[in-house]
Amino acid sequence: LANATNVVINGDFIMSGGSFTGAGGTSITITDDINFSGGTLDINNTDIILNGTTQQLIDGNFTGTASLQNLTINNSSSEGVRVNSGGVEIDGLLTLTDGLVNTDASRTLTLTSTGDWTDASTASYVTGPITKNDIAVASTYEFPVGKTERYAPAAIANIGLGGENWTAEYFTSTGAFSESSF
């Protein structure tokens, strides 16, 4: 894609071979699923906007060189977006505009050391585990988590050791935080 190109895909984005490279200032709006099963995918400088009206699936391993720079969730379906296989790493900003992001222990969502989130609310949050990498010493960090129609952000404060990865998930009966090194 050329710099500052905005593409709307009214359907699925499927990559099973070949090479696809985004560029700075580029965005791809997808109304259905996004699937990466082969080839070379370099969309780290591209904004991905999931803008559906039915549940959208993220299939594939969007980590390392295939990680996402910025991901916007704007899904009006009650089922939101599901990380269906693999993992998703975000190096830039996860924008939670509308719709839930469904994850579990094997279908992960990670904000890398440069990644963060914005705009979570009762209309948009993560319903499973979310990991934040490399939290600095003495930092406070809030996770945009919830479950069962309840946005319940969880925070950690005054981290004793820097550079650790933390995972948070909201449970309706008890809460849990864990360091990834456990």
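This is a predicted model: local features need pLDDT of at least 70, side-chain atom pairs count only at pLDDT 80 or more; totals for chains, interfaces and linings use all residues.
**Overall build**

Along its principal axes, the C-alpha trace spans about 45 × 35 × 25 Å. I then looked up the radius of gyration, which is 16 Å for the protein chain. A compact globule with 182 residues would come out near 16 Å, so the chain agrees with that.

How much of the chain is buried? I found that 47% of the 182 residues are. For the accessible surface I noted about 8300 Å², with 48% of it belonging to carbon and sulfur atoms.

I also asked how far along the sequence the contacts reach. Taking contacts between residues at least 6 apart in sequence, I found that 37% join residues at least 24 apart.

**Charges**

I looked up the charged side chains and got 5 positive and 19 negative ones. The centres of these two sets lie 9 Å apart.

**Aromatic pairs**

My search of the whole structure turned up 4 aromatic pairs. I wrote down F36 with F62, where the ring centres are 5.9 Å apart and the planes sit at 50°, so I have this pair down as tilted. Where do the two partners lie? F36 is in strand β5 (residues 34-36), while F62 is in the loop between β8 (56-60) and β9 (70-74). The pair therefore ties together parts that are 26 residues apart in sequence.

Are F36 and F62 buried or exposed? F36 has 14% relative accessibility and F62 has a relative accessible area of 1%. Buried means under 20%, so F36 counts as buried, and F62 does too.

Then I went to Y141 and F143. Their ring centres are 5.1 Å apart and their planes stand at 75°, so this pair is edge-to-face. I checked the burial here as well, and both Y141 and F143 are buried.

**A look at T112**

Where does T112 lie? I found T112 in the loop between β14 (108-111) and β15 (116-118). Its relative accessible area is 11%, so I put T112 down as buried.

Which residues does T112 touch? Leaving out residues up to four places away in sequence, I listed E89, I90, D91, K132 and N133.

Key:
Residues are numbered from 1 along each chain as its sequence is written. Side-chain values use heavy atoms; hydrogens and water are left out. The radius of gyration is taken over C-alpha atoms; the globule rule is 2.2 Å times the number of residues to the power 0.38. Buried means under 20% relative accessible area, exposed over 50%, partly exposed in between (1.4 Å probe, protein chains only). Contact means heavy atoms within 4.5 Å. Accessible areas come from the Shrake-Rupley method with a 1.4 Å probe; for residues, only the protein chains shown count as cover. Lys and Arg count as positive and Asp and Glu as negative; His and the chain ends are not counted. The place of a charge is taken as NZ of Lys, CZ of Arg, CG of Asp or CD of Glu. Rings of Phe, Tyr and Trp (its six-membered ring) pair if their centres lie within 6.5 Å; planes under 30 degrees apart count as stacked, over 60 as edge-to-face and the rest as tilted. Helices (H or I, at least four residues) and strands (E, at least two) are DSSP runs, numbered from the N terminus.
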